[in-house]
Amino acid sequence: MVKLLMTLLASTVSLFASSASTGAIPDITMTWVGFACLFIFVIGYYFVAAEEKYEIDKAKPALFIGTFMFMLVAVYYSLNGLDMGLVHTQAQHLILEIAEIFFFLFVAMTYIESLIHMSVFDALKYKLISRGYTYRKLFWVTGILAFFISPIADNLTTALILSTVLITIEKTRKDFLVPGAINIVVSANAGGAWSPFGDITTLMAWTAGKGAFTDFLFLFPASILGYLVTAFILSRFVPDEVPAFDASKEVKPVMAEGAKVVMFLGVFTIFCAVMSHQVLHLPAMWGMMFGLSLLKIYSYGLKRKYGVDHFNIFHSMAKIENNTLMFFFGILAAVGALYFIGWLGLAAVVYNPDVLGPTWSNIGVGFLSAIVDNVPVMSAVLKANPTMGLDQWMLVTLTAGVGGSMISFGSAAGVGVMGKLHGIYTFGAHMKYAWIIVIGYFVSIAVWYVQYQMLGIGH
């Protein structure tokens, strides 16, 4: 511990000295603004984590700390006669990073709300429950669907879809809903970990150029085996009973005209996002926004054919979880401020071989993701940018994605499901089963180790 503190102190001195001589971003960690911003971040994140206790939406403290911290840094620069151009440049870079993720999620959420409006998920729920599946079979079906939908639709979107299906199947039985919700969160995060746009953390790593599109696909074995182990143990707690279903009382939902075309456009939009980033070297959100334009044009055609009330895309946009988008904006801005101050440069010291090294540091990232949320943690790692090979960047992508499942608010998927199953899927309910998720987490790491380190597959 003493060695680590001495290393951090030495890094601070050297960073400050180098910045003074080269005109780079000065390290202001050991100043009043450095400590003030760190304190503000910790306090703000406490209120994010204690959302249920204080009944305060997580977006409020996140947005406050993200904006206020950067303003404090700007005040410090102004008072001390430092280069204000650096503040402007860093803010612009941060806006660009946030915008890529923000608009990607905005389009994905718009498609989901459109499909909800067109009764696609009501039809899916009816099909599942009318087949006479037991709660345990429904647990497996929703989990496997989440694992394979999330690589296409991203883990947050997938979790929102299937938690909606879950709560329409059963509204009261917590012995089904809680394990079912955890299963969806774990499977959506695990499924998202092996796709460049399946999780916000993988999206960040992909857009930062830490791996090509195909590199992430090699994480599939580690993702699915870790999930299956967790799901198998978790399924033992789910009742093996058939839900009450009276076909004579249930009205079979009918998907609205045009629903299948909207589903196709959603898949095509994801394809456009991949092509934009990999082939055209545009941000992935550019392809997403193009897909949104296609949906808007198609909605105009539906309006002309079926009337104004059939489908209005702006009504879908109005129903988007805007608090989730504001939460991401605030958290990414706060992490950006910590980077600008210099705290992330100090934290990156743990990646040095004489401290922890890349492997143990990346395993630790998974646990930190569960506590702090995987988005800011991955943002911090990318901004610190430690020197690592492709195998280690894939490991941190895996651990940040899968590790975020260990606590309910550790991932976007968990936060989303907590909102959908308010009062049912809570922090306390999740922690009763957290030990099962930890087992799956280490299974995923073991598979990564065998694949990358022993067999050399994926390099």
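# Briefing on a predicted helical protein chain

Val-262 lies in helix α13 (residues 259–278); helices here (H or I, at least four residues) and strands (E, at least two) are DSSP runs, numbered from the N terminus. This is a predicted model, in which local features need pLDDT of at least 70 and side-chain atom pairs count only at pLDDT 80 or more, while totals for chains, interfaces and linings use all residues. Residues are numbered from 1 along each chain as its sequence is written, and side-chain values use heavy atoms, with hydrogens and water left out.

**The chain as a whole**

- The protein chain has 23 helices and zero strands.
- Its radius of gyration is 23 Å, close to the 23 Å that the globule rule gives for 459 residues, so the chain is as compact as a globular protein of that length. The radius is taken over C-alpha atoms, and the globule rule is 2.2 Å times the number of residues to the power 0.38.
- The C-alpha trace spans about 80 × 50 × 45 Å along its principal axes.
- Of the 459 residues in the protein chain, 55% are buried. Buried means under 20% relative accessible area, exposed means over 50%, and partly exposed lies in between (1.4 Å probe, protein chains only).
- Among contacts between residues at least 6 apart in sequence, 78% join residues at least 24 apart. Contact means heavy atoms within 4.5 Å.
- The protein chain exposes about 19600 Å², and carbon and sulfur atoms supply 69% of it. Accessible areas come from the Shrake-Rupley method with a 1.4 Å probe; for residues, only the protein chains shown count as cover.
- There are 25 positive and 25 negative side chains, and the centres of the two sets lie 9 Å apart. Lys and Arg count as positive and Asp and Glu as negative, whereas His and the chain ends are not counted. The place of each charge is taken as NZ of Lys, CZ of Arg, CG of Asp or CD of Glu.

**The nonpolar core**

- In the largest nonpolar core, which holds 147 residues, Met-69 and Leu-421 touch the most other members. Helix α5 (residues 84–117) gives the largest share of this core, 15 residues.
- A nonpolar core is a set of buried Ala, Val, Leu, Ile, Met, Phe, Trp, Tyr and Cys residues joined through side-chain atoms within 4.5 Å.
- Leaving aside neighbours within four places in sequence, Leu-421 is in contact with Ser-163, Leu-166, Ile-167, Leu-177 and Ala-181.

**Buried residues in helices**

- Val-262 counts as buried, at 0% relative accessibility. Not counting residues up to four places away in sequence, Val-262 touches Tyr-111, Ser-114, Leu-115, Met-118, Leu-295 and Tyr-298.
- The C-alpha atoms of Val-262 and Phe-64 are separated by 37 Å, and these two residues are 198 residues apart along the chain.
- Val-335 is part of helix α16 (residues 322–341) and is buried at 2% relative accessibility. With neighbours within four places in sequence left aside, the contacts of Val-335 are Leu-344, Pro-376, Ser-379, Ala-380 and Lys-383.
- Val-335 and Lys-383 are 48 residues apart in sequence, and 8.8 Å separates them in space, C-alpha to C-alpha.
- His-430 belongs to helix α22 (residues 427–431) and is buried, with a relative accessible area of 0%. Residues up to four places away in sequence not being counted, His-430 touches Ile-182, Ser-405, Met-406, Ile-407, Ser-408, Tyr-425 and Ile-437.

- The buried residues of α6 are Val-120, Phe-121, Ala-123, Lys-125, Tyr-126, Leu-128 and Ile-129.
- The cover over these buried residues of α6 includes α5, α7 (135–153), α8 (155–169) and α13.
- Helix α10 (residues 200–207) is also mostly covered, with seven of its eight residues buried. They are Ile-200, Thr-201, Thr-202, Leu-203, Met-204, Ala-205 and Trp-206.

**Positive phi angles**

- Gly-209, which follows α10, has a positive phi near 80°.
- Ser-119 is not a glycine, yet its phi is positive, about 65°. Ser-119 is placed in the loop between α5 and α6 (120–129) and counts as buried at 19% relative accessibility.
- His-281 is likewise not a glycine and has a positive phi of about 60°. His-281 is found in the loop between α13 and α14 (284–306) and counts as exposed at 67% relative accessibility.
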